[in-house]
Structure formats: structure tokens, C-alpha cells
Amino acid sequence: MRRAFAIPGCCLALALALLLPPVTRGLPHRRQPRPDGAPAADAACKNRPLDLVFIIDSSRSVRPEEFEKVKIFLSKMIDTLDVGERTTRVAVMNYASTVKVEFPLRTYFDKASMKTAISHIEPLSAGTMTGLAIQTAMDEVFTEEMGTRPATFNIPKVVIVVTDGRPQDQVQDVAASARTAGIEIYAVGVDRADMQSLRIMASEPLDEHVFYVETYGVIEKLTSKFRETFCAATACALGTHDCEQVCVSNGGSYLCDCYEGYTLNSDKRTCSAVDMCAPGRHECDQICVSNNGSYACECYEGYTLNPDKKTCSATDTCAPGRHDCAQVCLSNDGSYSCDCFEGYTLNPDKKTCSAVDMCAPGRHDCEQVCVRDDLFYTCDCYQGYTLNPDKKTCSRAVTSSLVTTEESCKCEAIAALQDSVTSRLEALSTKYILFVT
């Protein structure tokens with residue numbers, strides 16, 4: 001929705017956001033105007049320090065007289081600021097199809113020099129490369145070498161983009177990167193400006209960071225809105241509060257709040273980290289480790305954290321170097337157990353193995369004698385027996401012996417006697433038969 005700034009009292013949030021860091025919220029304290037209508041003296045205006053960069057569109061669609069109005073707007077904005085090396089530093093960038101850094105943050109620390117430099121700025125004409133301009137601000141202006149103060153100083157980095165057209169390059173990703181880097185972006189559209197593009201590049205909340213004026217002729221009205229905020233001497237603006245983390249303006253007073261992951265203590269000033277590992281607060285699959293207002297996930301022994309940094313998968317605990325089994329490792333759902341090769345048995349330590357006695361009763365099939373041979377065995381037989389071809393059973397051995405000559409003669413005599421006796425018995429048997437007959 002387009003809004004004309006001829007309506008008094010609108011868009012106070014723009015000026016507030018430029019003055020205060022992202023953690024400071026609430027409506028600013030309105031300064032009472034002087035009876036004669038003149039603005040209050042600059043000496044009374046003490047805004048919090050900023051590193052402020054103006055990015056102004058000087059493409060072909062901005063007519064020369066309109067560009068002069070932009071320069072007047074910048075000069076009047078300078079008048080509302082507490083400019084100095086230790087207070088607010090200002091840089092100005094000019095862009096069209098190309099980008100020019102008119103002066104960085106380190107160049108001028110007094111209003112007169114800044115305003116003189118602004119008066120000499122010439123338009124570049126041609127296209128509208130807004131994304132390129134924001135990227136250049138990140139790469140070439142918001143650096144310590146060019147005058148940006150270190151992050152430890154906690155000085156807000158602020159960009160105000162003034163444009164009357166539609167970006168001719170990709171501004172969404174560049175603006176998102178700038179916001180992620182801690183740069184707060186305000187988009188001021190004039191006349192033909194594309195409101196959707198302004199919303200894409202600006203910081204949240206959009207109703208405090210996106211503004212529109214019908215013509216360059218009324219853009220100067222924004223300066224009075226900025227002045228009302230820059231000169232608001234609230235405790236949150238001046239840093240005179242005692243909040244540990246977040247100061248929230250509340251009319252003429254303030255309230256304290258805490259960053260995400262912290263809770264306000266009973267003293268209403270200090271903050272304590274919330275137990276982010278309490279049930280229901282985290283997404284860890286196995287172990288939640290609380291970490292100063294945040295948390296990290298870990299896994300049980302035998303598991304490893306997956307790339308999503310939340311879930312866990314069982315580790316191959318039997319991989320080389322992960323177990324202490326002497327012979328065989330058996331993986332078992334994130335753990336392991338040891339086993340042994342055939343012929344060995346697991347020792348009581350459940351890790352090492354000892355060779356089994358293969359000749360123990362019931363372990364072999366030898367008929368007579370079992371002979372152990374490392375992890376194997378062979379069969380043998382008692383004396384007087386020989387091993388059969390099946391290599392298990394035994395048969396009585398057939399033995400032969402040498403007979404001496406004397407023994408041989410005795411044998412022959414005995415044989416002759418036996419023959420003689422046999423013949424005699426046969427003769428007697430014959431006579432007996434005849435006699436009977």
C-alpha cells in the first residue's frame with residue numbers, strides 16, 4: 001500500500017529503527033516542538049552511534065532536478081545526526097548500472113565536509129543495479145579498512161536505499177546475505193518504485209523498514225520524522241539503562257527483556273539461560289547438551305551424529321581399531337561382542353581365545369588313540385593293532401617271526417610223529433573192523 005508522508009505522525013518507526021540497535025523496541029519519545037516552529041538545536045540531539053550508509057539511485061529515470069532533491073534530503077539527514085569519529089559515521093554510495101562509493105565511513109567526521117561532498121555528487125544514469133549496490137556495500141564499505149568499527153564495539157550497521165525504480169538484477173539473495181551479516185536495511189521508494197522489490201530487500205518488520213513517497217518533492221519530509229527519533233533522549237537510546245540484554249522503550253520509561261534462549265530474572269534486569277535441553281524444548285535424537293542459551297545434539301557411544309545434527313546412526317563398532325576382540329567381532333546395534341574361530345573357545349575376559357582340546361572325550365571319533373595336532377587331530381591304534389583305511393578304526397595285526405634251525409627240526413619231528421601215530425591208528429582201526437566182521 002502506498003503512503004504519502006504529508007500525513008503527520010506516520011512512519012515514526014523508520015527513524016527509531018535507524019537510531020536503535022535491533023534489540024531495542026518500542027515507540028520513541030516525541031520531542032515537543034518549539035513555539036516558533038523552529039527545530040531544536042543540534043547540540044541537544046544525542047543519538048546512539050551508527051555506521052550509516054546511504055545508497056542512492058541515480059539511474060536514467062531520476063531526472064536531474066529530482067536527483068538534486070535527493071542530495072538535499074541527504075544533507076538534511078546529516079543535520080539530524082550526531083556526526084563524528086566516535087559517534088555516527090556516514091558513507092554515501094551512488095548507483096545505476098555501475099556503483100560508485102562517493103565517500104566511505106572513514107573519510108569525513110564533520111557535517112560541513114559531508115554536505116560539501118554530497119553537493120558534488122553527479123548522477124550515473126543508465127540502469128538500476130540495486131543488488132550490485134548492496135553487494136558493494138558489504139564488500140567495500142562495511143569493512144574495518146574503510147571505517148566500519150569492529151563488531152566488539154556493538155555499533156549498528158544501517159543501510160538506507162533510496163530508489164524510484166525496479167531492480168534490474170537479483171536483489172533478494174544479496175539483501176538476505178546483508179541482513180544475515182547484521183546489516184539493517186531500510187528501503188525508501190519514490191514515485192515509480194516497485195513496492196514488492198522494496199519489501200524483498202528491507203529488514204523485518206517490513207512496516208518499520210519500507211517507506212514510500214509520491215514524489216521527490218516531498219522526500220525531505222522524512223527528515224523531520226528521523227529527527228523526532230534521533231533526538232529522543234530515552235534510556236534505551238542513550239544507553240543509560242541497566243538491562244543486561246535487551247532494553248524496550250515504554251513511553252518515557254523502559255522495560256528489560258532477554259535474548260532468545262534466556263529468561264528474565266526476578267530482578268527484572270538480568271537474564272538466565274533457559275534449559276534448552278528440558279523435555280519438549282529440543283529435537284535431539286539421543287543426547288542434548290545445553291550451551292549458553294542454546295543446545296547441541298550428541299549421540300550415545302557406538303552411534304554417530306547424522307548431517308542433520310539431530311539424529312544418530314549406529315557406528316560400525318567392528319571396524320578396524322574400534323574393538324578389542326582377539327579373533328571375531330560381532331556387531332550388535334551400536335555395540336559388539338567377541339567370538340572365536342573354529343577350534344578355539346572364548347576366554348573369561350570375553351575378548352581373547354584359547355585353542356580347544358580336540359582330543360577331549362566326545363570331540364573326536366578315533367576308536368582307540370587320539371593324537372592332538374594344533375587345531376586338528378589324527379587317530380592311532382594300540383600295539384598289536386593297525387589303523388584301517390577309514391583312519392579311525394583299528395584291526396589286530398598279523399605278525400610273523402623267524403624260526404631257527406633247531407626249532408625247525410623239532411617241528412619236523414613232531415610232524416613225523418604225528419604222521420606215524422595217525423598211520424598206526426588207521427591200521428588198528430582196519431583190523432578191528434575185520435575182526436568184527
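**A loop and its surroundings**

Guide: Let us begin with Asp194, which sits in the loop between β5 (183-190) and α6 (195-201). Please keep in mind that you are looking at a predicted model. Asp194 has a relative accessible area of 14%, and because buried means under 20%, this residue counts as buried. Its side chain and that of Arg166 are joined by a polar contact of 3.5 Å. If we set aside the neighbours within four places in sequence, Asp194 is in contact with Gly165 and Arg166.

Pro167 belongs to the loop between β4 (157-163) and α5 (172-180). With a relative accessibility of 13%, Pro167 counts as buried. Its contacts, again leaving out neighbours within four places in sequence, are Thr128, Thr130, Ser197 and Met201. Take Thr128 from that list: Pro167 and Thr128 are 39 residues apart along the chain, yet their C-alpha atoms are separated by 5.3 Å.

In soluble globular proteins, nonpolar side chains tend to be buried together. Here the largest nonpolar core has 31 residues, and Phe54, Val92, Ile160 and Val162 are those with the most contacts inside it. At least two residues of this core come from each of β1 (51-57), α2 (64-80), β2 (89-95), α3 (111-119), β4, β5 and β6 (210-213). The element that gives the most is α2, with six residues. To see one of its members up close, find Phe54: leaving out residues up to four places away in sequence, Phe54 touches Leu74, Met77, Val90, Ala91, Val92, Met93 and Ile160. There is also a second, separate core of 29 residues, and Ile55, Ala133, Val159 and Ala178 are included in it.

Next, look for a pair of aromatic rings. A pair of this kind is described by the distance of the centres and the angle of the planes. The structure holds one aromatic pair. It consists of Phe103 and Tyr108, whose ring centres are 5.1 Å apart and whose planes meet at 75 degrees, so the pair is edge-to-face. The two partners can be told apart by their accessibility: Phe103, at 2%, counts as buried, whereas Tyr108, at 25%, counts as partly exposed.

Now let us follow the chain to some cysteines. A disulfide is a covalent bond between the sulfur atoms of two cysteines.

The link of Cys277 and Cys288 is left-handed, with -80 degrees about the S-S bond. This pair links distant parts of the chain, 11 residues apart: Cys277 is in the loop between β10 (271-273) and β11 (287-291), and Cys288 is in strand β11. Both Cys277 and Cys288 are buried.

Another disulfide is that of Cys284 and Cys297, where the sulfur atoms are 1.9 Å apart. The torsion about the S-S bond of Cys284 and Cys297 is about -85 degrees, so this disulfide is left-handed. Cys284 lies in the loop between β10 and β11, while Cys297 is in strand β12 (residues 294-298), so the pair ties together parts that are 13 residues apart in sequence. Cys284 is buried, and Cys297 is buried too.

A further disulfide joins Cys318 to Cys329, with 2.0 Å from S to S. Its torsion is about -75 degrees, so the disulfide of Cys318 and Cys329 is left-handed. Here too the pair links distant parts of the chain, 11 residues apart, with Cys318 in the loop between β14 (312-314) and β15 (328-332) and Cys329 in strand β15. Cys318 and Cys329 are both buried.

Asn332 stands opposite Ser335, which is in β16. Together β15 and β16 form a hairpin with two residues between them, and Asp333 in the turn has a positive phi of about 50 degrees.

Definitions and conventions: Residues are numbered from 1 along each chain as its sequence is written. This is a predicted model: local features need pLDDT of at least 70, side-chain atom pairs count only at pLDDT 80 or more; totals for chains, interfaces and linings use all residues. Side-chain values use heavy atoms; hydrogens and water are left out. A disulfide is a pair of cysteine sulfur atoms within 2.5 Å. Helices (H or I, at least four residues) and strands (E, at least two) are DSSP runs, numbered from the N terminus. Buried means under 20% relative accessible area, exposed over 50%, partly exposed in between (1.4 Å probe, protein chains only). Rings of Phe, Tyr and Trp (its six-membered ring) pair if their centres lie within 6.5 Å; planes under 30 degrees apart count as stacked, over 60 as edge-to-face and the rest as tilted. Contact means heavy atoms within 4.5 Å. A polar contact is a pair of N or O atoms within 3.5 Å; within protein, one must be able to donate a hydrogen and the other to accept it, and residues adjacent in sequence count only if both atoms are side-chain atoms. Two strands pair if DSSP finds at least two bridges between them. A nonpolar core is a set of buried Ala, Val, Leu, Ile, Met, Phe, Trp, Tyr and Cys residues joined through side-chain atoms within 4.5 Å.
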